[in-house]
Amino acid sequence: MQRLAEFEALPYAAGAKKNPSQAAGELGAMLRTRASVAELVGRYAEAKRARGALDFGDLVALAARVAREVPLAAEMERQRYKVVLLDEFQDTSHAQLVLFSRLFGDGHAVTAVGDPNQSIYGFRGASAGQLFHFVNEFPVCEDIQPGKASRRPAPVSYLTTAWRNGRNILAAANLISAPLSAAAAQAGPAGQRSSSAAVEVPALRPSPAAVQGRVVIGRFATDEDEAAAIAKDLRRFRATDFDGSSSEPRIQPAMAVLCRRRAQMECLRKEFEAAGIPYEIVGLGGLLDTPEIVDLVSTLRVLADPGRSDSLMRLLAGARWRIGPADLMAFRDWSAFLARRRGTVGSGRGLGGNDPSGDEEAEAADVVIEGDITDAASLVEALDWLPKEGWTSAHGRSLTPPALERLQRLGSELRQLRALMGEDLTTLLGEVERAMLLDIEVAARPGFSIHQARRNLDAFQDAAAGFLQTSHRVDVLAFLSWLEAAASEEGGLDVPPADVNHEAVQLLTVHASKGLEWDVVFVPGLNSGAFPSSRDSRWSSGSAALPWPLRGDRADLPQWDLDQPDQKGWLDAEKVFKADVQAHGEAEERRLAYVAYTRAKHVLWVSSGAWVGARGGMAEMSPFLAELAPLAEQETAEIHPGSVDEESLPQESPLTRELEVAAWPYDPLEGPVDPRSGNRLRLVPGRREAMDRAAGRLLAEIAAVQAGTPGLPAGQGLRPQAAGWEREAALLLERRLRRARSRDVHLPGHISASTLVDLGEDAEAVVQRLRRPVPREPGMSARKGTAFHAWVEEYFGTAGMLDLGEAPGSDNHIDEAYGLDDMVATFKDSRWAHRSPAYVEVPVETRIGDVVVRGRIDAVFRDADGGWDLVDWKTGRRPSAGQLKTKSVQLAVYRLAWARLKGVPVEEVRAAFFYVADNHVVRPHDLASDAELEGIVAAALAG
């Protein structure tokens, strides 16, 4: 408000009578918006205090405040940690620097390690100059006489050997980072400069064992040509043995495509899909765009919101249900009819009954505004009240028998899933996945292992589990709102960093690639305006960013000089500020390119497409690609054979020159067809024929087995691998037939450890529950257990951090209702509180008989003899001896799963229940073996 008042009090031009320009008016409006945002920030802080909530920034600020105001706290930390190593220091914020310096800044033994050229998280508050502020914030203290100490900047050493990259790749990376050091050449050494915005570091040198490496440069006419070239080289590199290893089976090279923006991934994904290249999209932002997750989220929306007809349309027109345009129009007519009838009933002119056959005349005679019908009609509701066969709308449209049958099946499926809406979110997701056959669909993808094929579904489950741990509301609508915020406001939410995957090509953003490495790295889309990004990051151009004068690292950032005599001076200074911000932003983008280039070990493949999507103008080559041209002249890099000279690039976009036409609906196995030429688009033809042929053979074999006659000769006319599949399929069919003859009992492919416990106690009740699931209201005991488990996880997760006690506004009333205080006190007096677990809340799964059992071990400890000790926290009362034998099945499962996971005998794994309320440890001595656990499953199946 002070800045706004200063601006409005100034004349537009000092010494002249001129009316303010439009730009001055817009600047004043921006400052007023800023004042409103500041008020919202204050209200947001009050809301957090009222709820007892803290975000990451609050945690750092609170910790820094404790370190400043409670000297004993800092002293205790210094005594506890004699030597401190701060890794990846270039990714820390100014607030973290202040926190660390207050804790360990007075001559303590502290070393910070980092690469300022890899400081790419400026949008999150990190600063490339952090490392060079370190020398002053953590000075060397030397006693010159009693009571006096001299301080000098901490010494700086450079680690200049790169142990990852090939020599040619490192040459490209050094070429890109050279301007960063050149800008700081005259800034002076660390500790003798007022700003660390630009940092000079020596160029990296290859290790003695570094490979030569390859750098491939390409310039293509379109982004589609670029994607096709990447797909072609991917297939070639997948067959390349970069390490020269003769071991069998040969491990495929790890490969990744690093994109500046997620929008680039769609073109690449379609090309990989058409070429049959296994791929993995890393990160929830891209995850929300994958087909199986789109279908899963659409189903959740249909279940939770009757108004989401758009999501139902995704399912109806999708590959599974395949409702065609004529039937969709008839279904829309039925939905509008129901809306009209509901309106007439509400107005007192009820039509009576559920038979609409006599309503056609009234429907045609009434004058109804079409928009009102559209707004009131719901396809989701219409699915629950389908018409009788033979119904015809006033427009003469009716549903065909196949469409009506499919709609009835879909409606029945959705009604069954709605019965599970009261279940835990992750349980609901699993049931939706199985009902939609998504697990089978992804498992059938060629070229993927079952674990790789499920990665997107499993990552989505992990995201849902994270949502449950952090959200106040845990219902489906809250989860869907969270996903929409992730997609629209944040471009996707971060998920835990993925491991390098040798089975599939990984698509991810450059920011997400930090800390990873691959044998082959592709960096497409190196166009001016895209990479480096031309996005305006000035705080003066909007209301999203914190004003830079309020930031702690403002000395390293460009500043807007507001010491001006008039409003025009403010505007002129803002233009200078804009130019400075652009230069600052390009340096940030250059560091991002440096990170992308240094992810590669053997091959770095960088490229640009002149025409991108439906954009109107040709994209110029990025300087990050053009600067590599001298390497090609030195034969350090090579030009891709499909690359196009600038003079030969088309002057008009080939992507918009001709309109792409495709007939819909189309066979999902074959892909769309261009009606003008009859050519298939997107997918390789022939998949339908191969699928029908395989299905025909399978049906013939099933019919032969059921008739008791010999089936097709094993392996007839099949390649060896396919013959092996046929033998496995025959065994599976035989086992299925035996089960069908004994009893029609089905268990899901995956069950929880608690379900296995229930099977041992009452298998019939479990089977009935699985057949007819009924939502169970969460009881107080379950909520108490959840609250206590969350506290224990936080207790072990924050071991070694400051114990700040209760923060104002914490949920004391909830703790008292659950009796958490008593349980916490008991736990802190137990033996477990003084031990450090090796793992906490570990998800495990293992196969037992015909099912896979999943569970989560509360805590895993490593004993002095090298054995493992698994502990399950129990907040209820200790059971009787008979009940304990049944409950111990859970520990037996955990013990078996952990032994298999670690590859140790089960005798080296111990397990126990800790009943917190009784402060009692129970160690069953007769835990079931794997054969006994399989017997429980077999008994349930046999009845």
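A: Helices α4 and α5 are roughly perpendicular to each other, because angles of 65 to 115 degrees count as such, under 35 as roughly parallel, over 145 as roughly antiparallel and the rest as oblique. The axes of α4 (residues 71-80) and α5 (residues 94-104) cross at roughly 75 degrees and come within 8 Å. Axes here are lines fitted to C-alpha atoms, for helices over the stretch in contact, with angles from 0 to 180 degrees between N-to-C directions. Helices (H or I, at least four residues) and strands (E, at least two) are DSSP runs, numbered from the N terminus.

This is a predicted model: local features need pLDDT of at least 70, side-chain atom pairs count only at pLDDT 80 or more, and totals for chains, interfaces and linings use all residues. Residues are numbered from 1 along each chain as its sequence is written, and side-chain values use heavy atoms, leaving out hydrogens and water.

Which residues make the contact? From α4 come Ala74, Glu77 and Arg78; from α5 come Arg102, Leu103 and Phe104. Contact means heavy atoms within 4.5 Å. This contact has 3 nonpolar, no polar and 3 charged residues. The nonpolar class is Ala, Val, Leu, Ile, Met, Phe, Trp, Tyr, Cys and Pro; Asp, Glu, Lys and Arg are charged; the others, Gly among them, are polar.

Now take a second pair. Helix α2 (residues 22-51) and helix α23 (residues 567-597) have axes that come within 10 Å and cross at roughly 80 degrees. That makes α2 roughly perpendicular to α23. Ala23, Ala24, Leu27 and Leu31 of α2 meet Gln567, Trp570 and Leu571 of α23. The classes here are 6 nonpolar, 1 polar and no charged residues.

On a 1 Å grid over the protein atoms alone, a cavity is a set of points where a 1.4 Å probe fits but cannot get out, while a pocket is an open set with protein on both sides within 12 Å along at least five of seven lines; lining residues have an atom within 4 Å of a point. Grid points are joined across faces, edges and corners, and a volume is the space filled by probe spheres set on the points.

The second largest pocket holds about 1,200 Å³. Its lining counts 43 residues, with Ala112, Val113, Gly114, Asp115 and Leu159 nearest its centre. Elements giving two or more residues to that lining are β2 (109-112), α6 (130-137), β3 (140-145) and β5 (161-162). Helix α6 gives the most, with 4 residues. By class, the pocket lining divides into 23 nonpolar, 13 polar and 7 charged.

Cavities of 30 Å³ or more number 2. The second largest cavity has about 40 Å³ of space. Pro387, Lys388, Glu389, Gly390, Trp391, Leu399 and Leu404 line this cavity.

Aromatic rings come next. Rings of Phe, Tyr and Trp (its six-membered ring) pair if their centres lie within 6.5 Å; planes under 30 degrees apart are stacked, over 60 edge-to-face, the rest tilted. The whole structure has 33 such pairs. Among them, Trp832 and Phe861 form a tilted pair, 5.2 Å centre to centre with 35 degrees between the planes. Trp832 sits in the loop between α32 (820-829) and β15 (839-848), and Phe861 in strand β16 (residues 851-862), 29 residues apart.

Phe531 and Pro532 are joined by a cis peptide bond, with omega about 15 degrees. Pro532 lies in the loop between β11 (518-523) and α23. Glu841 is not a glycine, yet has a positive phi of about 50 degrees. Strand β15 holds Glu841.
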